[in-house]
Amino acid sequence: MADTTLPKVMADLAVSKTKELKGTEKRDSLIEIEKKYQTKWQQDGVFEINAPSIEEFPLDSISADELREKFPKFFGTFAYPYMNGRLHAGHAFSFSKIEFHTGFLRMQGKRALFPLGYHCTGLPIKASADKLVKEVEMFGKNFERYKEEDEIVEAAPAPQKGAKEDLSKFNAKKGKAAAKTVKAKYQWQILNSVGVPLEEIHKFADPQYWLKFFPPECKKDLTNFGARIDWRRQFVTTDANPYYDAFVRWQMNRLKELDKIKFGKRYTIYSIKDGQPCMDHDRSEGEGVLPQEYTALKLKVVEWAPQAAEALKGKIPEDSSVYLCPATLRPETMYGQVCCFVGPSLSYGVFRASDKEYFVITERAARNMAYQGIFEKEGVPEKAADIKGSDLIGTLVNAPLSFHPQVRVLPMDTVLATKGTGVVTSVPSDSPDDYAMITELAKKADFYGIKKEWAELEIFPIIQTPTSDLLAPHLVKKLKIASPKDAKQLQEAKELAYKEGFYQGVMKVGDFKGEKVEVAKPKVREQLIKQGEAFAYSEPENKVVSRSGDECTVALLDQWYLDYGEESWREQALEYVENKDGKGLETYSPDTQHAFKGVLNWLRQWACARTYGLGSKLPWDHSFLVESLSDSTIYMAYYTIVPWLHTDLFGREKGKGNIKPEQMIDEVWDYIFARVQLSEDLISKSGIPKETLEGMRRDFEYFYPLDVRVSGKDLIPNHLTFWLYNHIALFPREYWPRSVRANGHLQLNGEKMSKSTGNFMTLDDVVKKYGADAARVALADAGDGISDSNFVEDVADNTILRLYTNKEWIEETIKDDKLRTGPLNDFQDVLFDNEMNALVHEARKHYEETSYKLALKAAHYDFLNARDMYREACNAAGIPLHKDLVFKYIRLQALILTPIAPHWPEYVWLEILGEKKSIQYASWPDVPAADPALTAAREYVRQTSSSINSAEAAQLKKMAKGRQSDFDPKKPKKLTVFMATAFPAWQAKYIELLKEVWDPAANTQKFGDKELNARIAKMGEMKKAMPFVQALKKRLRDGEPAEAVLERKLAFDEAKTLLAMVPGLKRAAGLESVQILAVEEGSKKGKDLTDNGAEVEIKAPVAESALPGQPSFYFENV
């Protein structure tokens, strides 16, 4: 048997920076409960959701809208995961959003469908499998010939000096764990690091094995998480599943018929190694990067610099033309060329473009040009010679369009070999960088080894803008840029110059004089190309690396592409996203809507086919496969009918429809998806019975449209926008998606998740470490917006303790035979009862808004706090808890926590409360609306208790400073509470102002805070008036009746509430006595409410600070 011991380097990879748990007994007991109910849910098919059958309601007897109204439904999906590894915590975060929503909507009585499939299309799996073939050859079947000393240990990159720091991001000092990063160099190491045994890894050399191995692991991880998924609807993509393959072929055929798929030459990111386009999901680096198209000028060499002439002697035919080829994004400025820059330290090649033409460019540029029809031989950059940038300095070249027909090649140290062609033409009239450099060269000609006059050609105005007709010199002077090294100011100047020049500039010279720059720009470009003085050149706008490790180029290829961005299609999508009539796409966030609109405005044609990888064959050209972002746009519709088609992942076992894959012809899909009506011809042609066809149509019409799509925000630029485009093209409008919820990325303990630093957890890691419910609570607590969220392990750890302790408390309390019965009292009981009602309604509101962090706060943290406060209040008053309220608390806590953490509630529901049916079938609790008066009283009790503690601490602080010596907290003490009977007179005018500006019907003010604050400022007393007005507004927004607040009445009886608090205050604060004094403004007398209203003299100055609802306090010894 082969040695399968984990090599040391792999053990190093497994080093984790995550939290270490101390004891696990409580966790283990909770996990035992979770496993029990997960098994039961699966056995009972709790999450298997069906549409009303055609036997119950014949297809033509009721419309889809009427059926959905009669039997409300919900259909939500999460982007199906790619099957080249295990799910991680980031997947779980996105997944949790639809999981929580599904749980909540089940409680609304909806048939809530949540299915999941597995994405296997594309390059990643095939590329990884191909790597393994080579690695097995190198190291043996079980990698026994691998030597760990061959592994590369890389030093962690040092931080860049002067790099811009984003202060909104968490920054941590790197400790020893991150001082070096050990990279899994080989594919077998990557698989081993995610738990695949060494002896099994060789099987992954077959790409189909990935499809067999990872989907069951995915299902297992999500089942252990407690997912409410209908697993009958799972499937794998690619032609490994013939039913899904037929679905994709239908989609492609129909898009082609609709003229959405076209064929032609277009620029695309391309992998030379893979021999095909490299789309987003095929990349290990550079997702979202597009081709950047330039105008490459042909600056013909008139006279070589002596060093260049010597270096090229005998290497280029004497009768040939040689061109330096700068790539520019601003062809309209070429009239102002004064020189041509090269990087003196860069290496250039002289590449043969044709028999008589040679280009001086970088090697990288030549790789790009080789696949764009620029060179005579496609794919073959023929290099005639190498030459140093420094040798080119002083060469004289022609400058097309320029007022200076010939210019010199000059040095510029900031020219990059990784951008453009490594050759840059200089237009100092409109480029701040060029102006700064040419000025520097003129000042220090000797230092740079050039003749001064080469850098002193006249700078002509080319473009008139509102600021200047020499915008670059103007900005350089305005921003006080002293040299080309002032990078920050130059970047700012460059952005200002480009925006103003392009959007507000008008041409002053040339054939297009008087035209706006944005109009003239393409005309100048076309003119240069027609005259043979330039050509189109494209390259990736940033670095792109394919999954096979190849740095990609741009190729001009004949290819099939989806014509995204076509005007009428785009306008339909934009109109739907803008959702002006409320019948379009709900995005839950303005940021998400803005992101969609931005993508729709720039996204253009997308290659939909490739020749390498896994997938479905293009129906009309089997030499191509449908690429991974094109076969994953409308698969949500496929979920609706999976049980009819197959019962296994691969479509090898027929479903309840007893349909063969070959029967799923295009016309069948058209009928199912409500594009055509049923005909005898279709029944005959497909061989599928009418009842089966109608059954599939019913399921689609009932569950569609998709109610919500949940995904990371990083999929908006591709998958989510494609999803929208394809639905618009292929389905009637009533079946277009209803909403999309995009979330940010997930940090782990405040830092970016990263395998290399050890700050990384798979979903399996999280659930094994904390259990499902605690993990789910931590995911809900992590955040909800489109900005990045944070999974904090301490939250999960603390949740274990909370759930376990609460379970123990419940089990003990229900056995307590001293619990009170009978009517509720009018203080502790009614306040607790009302707060529970308020929190149930608050939790519901947040669940409806998909604000799960706030829902968790109301449904769990605040609910626990309310119970604890009730326990403390009853304990302080010396009375037992009320039995009815204890059981109401237990019941409500279980119900309102169910959407987020269902296992603990299930245990409480079935085993403590003795319910007969799973809590997964329970309805959201129907409780009375909260009474604003009781809510206000509850808040008053909470605030007053807190204020009393603060008041005692303040007195002690004064005593410590020697300002008061008559109070010793260690001796018997008395508390006097001063309660104001009326508001101060000065507040009247602000009450009148609020009456004027408040709209009671809408429960909001009639104009903004800015205007209101200005009016308050004019009335004087701003310092005390502002908090007073804000407090009143808060009471109004919290639901207190406007007539009570604005008539300066409290919503509750303050005196009665204070008197009810006395027993509790005495016990909680260790007081001998509590005195409640009712005081009036300006009076030295008060009424002692604890002594039947007896009149007493007031000596303590703090009495004057009391306001209705805001008592003041005084401690003294007795």
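Reply: The second largest cavity is lined by Gln38, Trp41, Gln42, Phe47, Thr223, Gly226, Ala227 and Trp231, where a cavity is a set of points, on a 1 Å grid over the protein atoms alone, at which a 1.4 Å probe fits but cannot get out, and a lining residue has an atom within 4 Å of a point. This is a predicted model, in which local features need pLDDT of at least 70 and side-chain atom pairs count only at pLDDT 80 or more, while totals for chains, interfaces and linings use all residues. Residues are numbered from 1 along each chain as its sequence is written, and side-chain values use heavy atoms, with hydrogens and water left out.

The volume of this second largest cavity is about 50 Å³, a volume being the space filled by probe spheres set on the points, which are joined across faces, edges and corners. Helix H2 contributes the most to its lining, with 3 residues; helices are DSSP runs (H or I, at least four residues), numbered from the N terminus. By class, the lining of the second largest cavity divides into 4 nonpolar residues, 4 polar residues and no charged ones.

The lining of the largest cavity has 7 nonpolar, 2 polar and 2 charged residues.

Technical notes
Nonpolar A, V, L, I, M, F, W, Y, C, P; charged D, E, K, R; others polar. 1 Å grid on protein atoms, 1.4 Å probe; cavity = no way out; pocket = protein on both sides within 12 Å on 5 of 7 lines; lining within 4 Å. Helix = DSSP H or I, 4+ residues; strand = E, 2+ residues; numbered from the N terminus.
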